[in-house]
Amino acid sequence: MTALVVAASLLVGLSLGVLGGGGSILTVPILVHLAGQDAKEAITTSLFVVGVTGLAALLPHARGRRVRWRTGLLFGGFSMAGAYGGGRLAEYVPETVLLVAFALMMLVTAVAMLRKPRRGREKARRIHAEPQPLKHIAATGLAIGAVTGLVGSGGGFLVVPALAVLGGLPTGAAVGTSLLVIGMNSFAGLAGHLSGDRLDWGLALTVSAAAVTGSLVGGRLAGRIPQDALRTAFGWFVVAMGAFVLARQLGAAVWSRPVAWAILGIALTCVCADRVRRNAGRPRSADHGRSALVEELEKRAARP
């Protein structure tokens, strides 16, 4: 069983290194279903693993000067307060509720990975991005930190856009800075959990070592693997894992009701419709893009 946990942890780190996020969301299911930990102990261990892996992945970004230390420490400071509070609150939340919340977080993460930002909107965001008022940064940092501390996920898919929008950071700097924030969040949440839960240090160090090793390998492979295809495949894998965890916790009584399947069908339909709509708005080929450019130039030339 330990070998299986180590192999799964390597895959988590590999996905983090290649995709820059998303992999830590699988740590809790691995610890629960493969290592046999209960929900609260798994969340506590996950926070340690995510914190160590995030700080290890921060080093190459820091060497590449893609970390905005002032913004990260400011945002991370507010997030740490929320993460510690979330960690303390988790002591009073039933394990089933925590796992249901974590499964929903997995599904939200998967949707965030499957959604591809529109190029025009992303470009406009980069051009017009300006730092937001401190109260907005504080409120967002507290909220993201609380989620991290409560369910044990680093929340990188939330931190990166928050830093881009609220801190006015370009994408590369937002990704690098997010690793600093994730590390701060995770250790603050861990401190909150340790007030009521114990940590299996042997398992935590083993999983962390495997995840860090996988992230280093993934970092070397990042430029050689098609990012979009891998992100899509991993996103659907997280959907399947989230649905599995949710089904295990809710039980057969809930899934026997038509309303549960109706809600699930509506959610999947919305995701698929969004992907179809986004793909429909893209040029189908390079020739299509050139013809559109030619048409635009002809229109401009025809104007008096």
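Me: What should I know about the model and its numbering?
Reply: This is a predicted model, where local features need pLDDT of at least 70, side-chain atom pairs count only at pLDDT 80 or more, and totals for chains, interfaces and linings use all residues. Residues are numbered from 1 along each chain as its sequence is written, and side-chain values use heavy atoms, with hydrogens and water left out.

Me: How do you know what span is expected for helix α3?
Reply: The expected span is 1.5 Å times one less than the number of residues. Helix α3 covers residues 39-63, which is 25 residues. The expected value is 36 Å, and the helix reaches 37 Å from its first C-alpha to its last.

Me: Why does Phe48 count as buried?
Reply: Buried means under 20% relative accessible area, exposed over 50%, and partly exposed in between (1.4 Å probe, protein chains only). Phe48 is at 9%, so Phe48 counts as buried.

Me: Why do Phe187 and Trp201 count as partly exposed?
Reply: Phe187 has 32% relative accessibility, so Phe187 is partly exposed. Trp201 is partly exposed too, at 47%.

Me: What makes Phe48 and Phe187 an edge-to-face pair?
Reply: Rings of Phe, Tyr and Trp (its six-membered ring) pair if their centres lie within 6.5 Å; planes under 30 degrees apart are stacked, over 60 edge-to-face, and the rest tilted. The whole structure holds two aromatic pairs. In the pair of Phe48 and Phe187, the centres are 6.4 Å apart and the planes at 85 degrees, edge-to-face. Phe48 is in helix α3 and Phe187 in helix α9 (residues 171-193), so the pair ties together parts 139 residues apart in sequence.

Me: Why is the pair of Phe48 and Trp201 edge-to-face?
Reply: The ring centres of Phe48 and Trp201 are 5.4 Å apart and their planes stand at 85 degrees, so the pair is edge-to-face. Trp201 lies in helix α10, so this pair with Phe48 of helix α3 ties together parts 153 residues apart in sequence. Phe48, Phe187 and Trp201 form one aromatic cluster.

Me: What makes a set of residues a nonpolar core?
Reply: The residues must be buried Ala, Val, Leu, Ile, Met, Phe, Trp, Tyr or Cys, joined through side-chain atoms within 4.5 Å. The largest such core has 39 residues, and Ile25, Leu26, Val28, Met106 and Val238 touch the most other members. Helix α5 (95-114) is among the contributing helices. The largest share, 10 residues, comes from α5.

Me: Why does Gly218 count as buried?
Reply: Gly218 is at 0% relative accessibility, so Gly218 counts as buried. Gly218 sits in helix α10 (residues 201-221).

Terms used. Helices (H or I, at least four residues) and strands (E, at least two) are DSSP runs, numbered from the N terminus.
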